[in-house]
Every structure is written in structure tokens, then in C-alpha cells.
Amino acid sequence: MIDFVRGQVAHLENDYVVLDVQGIGYRVYCPNPYVFAAKNEQTVTVYTHHHVRDDAILLYGFPTREEQKLFRKLIEVSGIGPRVALGILSGGHPDHVVAAVQQENITFLTKLPGIGKKTAQRMILDLKDKLDGLGGPSLFDELPADLEELDGLNPGWPEAREGLKALGYTDAELDRVWQQLKDSVKPTEEVDSVMKKALKLLYAG
């Protein structure tokens, strides 16, 4: 089992980062590879899940232990494989996902990529009492039923904002861009898509 990979950021794509570890490039699939964008050619630690199947050996990676743990909990749920779990983490902030499970918020969960009503119900049944210490309701008195009601934010925007700040953009620039962007972003739009739209506006000045 490969629990983490430490190496230099060599390359980024929409769904993975390549880490150079002593001359070997490890492709690690991530919910939001852009969190590593500002660390190009710097040494980073990515917490991984080593997944083996008949036709492939894959690494899924996360910037924190908490996200790694949540991913592993998600793939224990019947009907959720690694790709769906990755989509959940890219479509919703981990704290929001945990809060939704613990508050049995099916409406919220079914707005995440790849999650239907039956899978949302299974997530609640299997995980409600297993997510202690991974965020959740302590951050929200009551999680809104609709993703659009989360402080007026797309749930992917906080993570996209983090990635953009890592690229050197200021809070003032990002606040301005979000005001321009928020009406055109879908509630379940993924982080990489939100970042691309924001960067287009930032480049345009």
C-alpha cells in the first residue's frame, strides 16, 4: 500500500498531477490538481490511496489526511467506486459532504456528481456514524438543502479560490472575479471548470 508520495510537481492536468520522485513520474489522480499549481517543481507530499484492479494500478491523491480518509470511507459504500468518490470531492467541499451525510441531507447529496437518491441513502446509512473528526456540522448549524444556498457560493468555489490564491491572486481580485462569475456557474460544476472560468476573467483583467 502506497500511503503517500513525496516529490516535485512536474506536470498538471485537469484530473491528475505528475510527481517526479527520483526521476520516476507518478501520475496521481486528484479532486483538484490545481491546488498544487503554485508549487511547480517544488517538493510536495500527496496523501494517496493505492487502488489495484485487473487492468490497472492507480494512485488517487489528496493534499490532506482528512480528504484521504474521507475518500476511503466513500469507496466503502456500495455503488461508489474511486472515480465517483473523486467526483464527490471535486463537486463538493469535504466539510459540506460530511455535514450533509450527518444531517441526512439527501437533496444536497444528490446534487453531487454521480450520486442518485439510492446511493445518497446508502451513504447516509453506511457513513453517518463513521465520519467523526472529518469536519461537518460543527461548521454549519444547518446545511442548506440546495447547493446554491451555501452562502451564495458554488461548493467548488472555495477550493478553486484556494488554488487561485496559490497562483498569487489577491483576495480583492478573487472577490471581484466571483461577482462576475457566480451567476454563470452551475451549482454542481466541478472545481477545475470553475477555475478555468475564473482564470479567463483574471487574464482579461
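1. His50 stands opposite Leu59 of strand 5, and strand 4 (residues 43–53) runs antiparallel to strand 5 (residues 56–62), the two being joined by 7 bridges and forming a hairpin with 2 residues between them. Strands pair here if DSSP finds at least two bridges between them, and helices (H or I, at least four residues) and strands (E, at least two) are DSSP runs numbered from the N terminus.

2. This is a predicted model, in which local features need pLDDT of at least 70 and side-chain atom pairs count only at pLDDT 80 or more, while totals for chains, interfaces and linings use all residues. Residues are numbered from 1 along each chain as its sequence is written, and side-chain values use heavy atoms, with hydrogens and water left out.

3. Strand 4 is also joined by 5 bridges to strand 1 (residues 4–12), again in an antiparallel arrangement, and Val46 is the strand 4 bridge partner of Val5.

4. Asp171 belongs to helix 7 (residues 171–181) and counts as partly exposed because its relative accessibility is 38%, where buried means under 20% relative accessible area, exposed over 50%, and partly exposed in between (1.4 Å probe, protein chains only). Leaving aside neighbours within four places in sequence, Asp171 is in contact with Arg161 and Lys165, contact meaning heavy atoms within 4.5 Å. The C-alpha atoms of Asp171 and Arg161, which are 10 residues apart along the chain, are separated by 8.8 Å.
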